[in-house]
Amino acid sequence: MDLLALADFNLVARHGGVGRAARESGRPKATLSRRVADLESGLNLRLFERGARALKLTEEGRALYERTSALLLEIDETAAAITSGGATPRGSLRVSAPLLFSQAAMGKLAARFALQYPEIRLEVTTEDRAVDMVEEGYDLVIRVNPDADARLVGRIIVRDRLVVVASPQLKPPAGQATVPAVMRGGSFGAATSSWEYTGASGKQKRITVRPALSLASLFMVRDAVRAGVGVARVPISLVTKDLAAGRLVCWGDVEGPEIALWALYPSRRLLSARVSTFLEFLKASFPTGSPDELAGFID
């Protein structure tokens, strides 16, 4: 297989078309088109479906791209490491992180990383959806309790848990009284619902809550609870400082699985120097992975 043709095929696949690949790389469109056609001819396979406006990978083309893109990247990085003496990691690093972690810590983490490793061009995007690392060109993703994926491996960087919190003025209800609640989500849903939690005494408790506010961000939820609107279920790391300062009180722990924040990367034996460096940086930033360490980043 012609490695130059394979590299040009990956370039076109990554950018979604010959024209865009040519503009981003400075390569002639005609050369890229010819190289892709030569690769298709040599493999006797159609790698792209050619429409009037765009190219779309065929099933065979997608399989080839997924299998070879990481290998070509490793070849490039090996060559760069050899020529530079392997001392300093360099190049671009694309990371996807969830909204709450990005708002809480990613700005400070990214700034520290950029100062420590100026030769790495770090790009962080924020979204809660499950991105396709290969298809969308990410080197590493950070996700909360991700589904199992045979293509990815990773490590837990932070563990957290949910608690029920309220302002000091709002007391736990007696009997069947309904409590106003601040919800995270796009709609109010049911008129009332039940929350269960474990109080400080270790006793299971149940309260009936009535949605008073529905907000998109957990930081907004926290601020509304501070103002006395109602109770909320939030990660303990988000309110650790408020609890210590007496701005909020904790009614108890919410039962359920732990909140685990994972750093995920493609399942391959050789990691790029950039990804390895970022993983070690995260490990150093959260040495025990406790909620208190994450709380330290939150203003």
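A crossing of two helices is left-handed if the near helix is turned anticlockwise from the far one by less than a right angle, and right-handed if clockwise. The exercises below concern a predicted model.

**Exercise 1.** Determine how α5 and α9 are oriented to each other, and which residues form their contact.

*Solution.* Two packed helices are described by the angle between their axes and the distance between the axes. Helix α5 covers residues 99-116 and helix α9 residues 273-285; their axes come within 11 Å and cross at roughly 125°. This angle therefore makes α5 oblique to α9. In handedness, α5 passes α9 in a right-handed crossing. On the α5 side the contact involves M106, L109, R112, F113 and Q116, and on the α9 side T277, F278, F281, L282 and S285. By class, these residues comprise six nonpolar, three polar and one charged.

**Exercise 2.** Classify the orientation of α1 and α2, and describe their contact.

*Solution.* The axes of α1 (residues 3-15) and α2 (residues 18-25) come within 8 Å, with a crossing angle of roughly 105°. Angles of 65 to 115 degrees count as roughly perpendicular, and α1 and α2 are therefore roughly perpendicular to each other. Helix α1 contributes L11, V12 and H15 to the contact, while α2 contributes V18, R20, A21, E24 and S25. Four of the contact residues are nonpolar, two polar and two charged.

**Exercise 3.** Summarise the protein chain as a whole.

*Solution.* The secondary structure consists of ten helices and 13 strands. Of the 299 residues, 41% are buried. Among contacts with a separation of 6 or more, 73% join residues 24 or more positions apart.

Notes
Residues are numbered from 1 along each chain as its sequence is written. This is a predicted model: local features need pLDDT of at least 70, side-chain atom pairs count only at pLDDT 80 or more; totals for chains, interfaces and linings use all residues. Side-chain values use heavy atoms; hydrogens and water are left out. Helices (H or I, at least four residues) and strands (E, at least two) are DSSP runs, numbered from the N terminus. Buried means under 20% relative accessible area, exposed over 50%, partly exposed in between (1.4 Å probe, protein chains only). Contact means heavy atoms within 4.5 Å. Axes are lines fitted to C-alpha atoms, for helices over the stretch in contact, and angles run from 0 to 180 degrees between N-to-C directions. Angles under 35 degrees count as roughly parallel, over 145 as roughly antiparallel, 65 to 115 as roughly perpendicular and the rest as oblique. Ala, Val, Leu, Ile, Met, Phe, Trp, Tyr, Cys and Pro count as nonpolar, Asp, Glu, Lys and Arg as charged, and the others, Gly among them, as polar.
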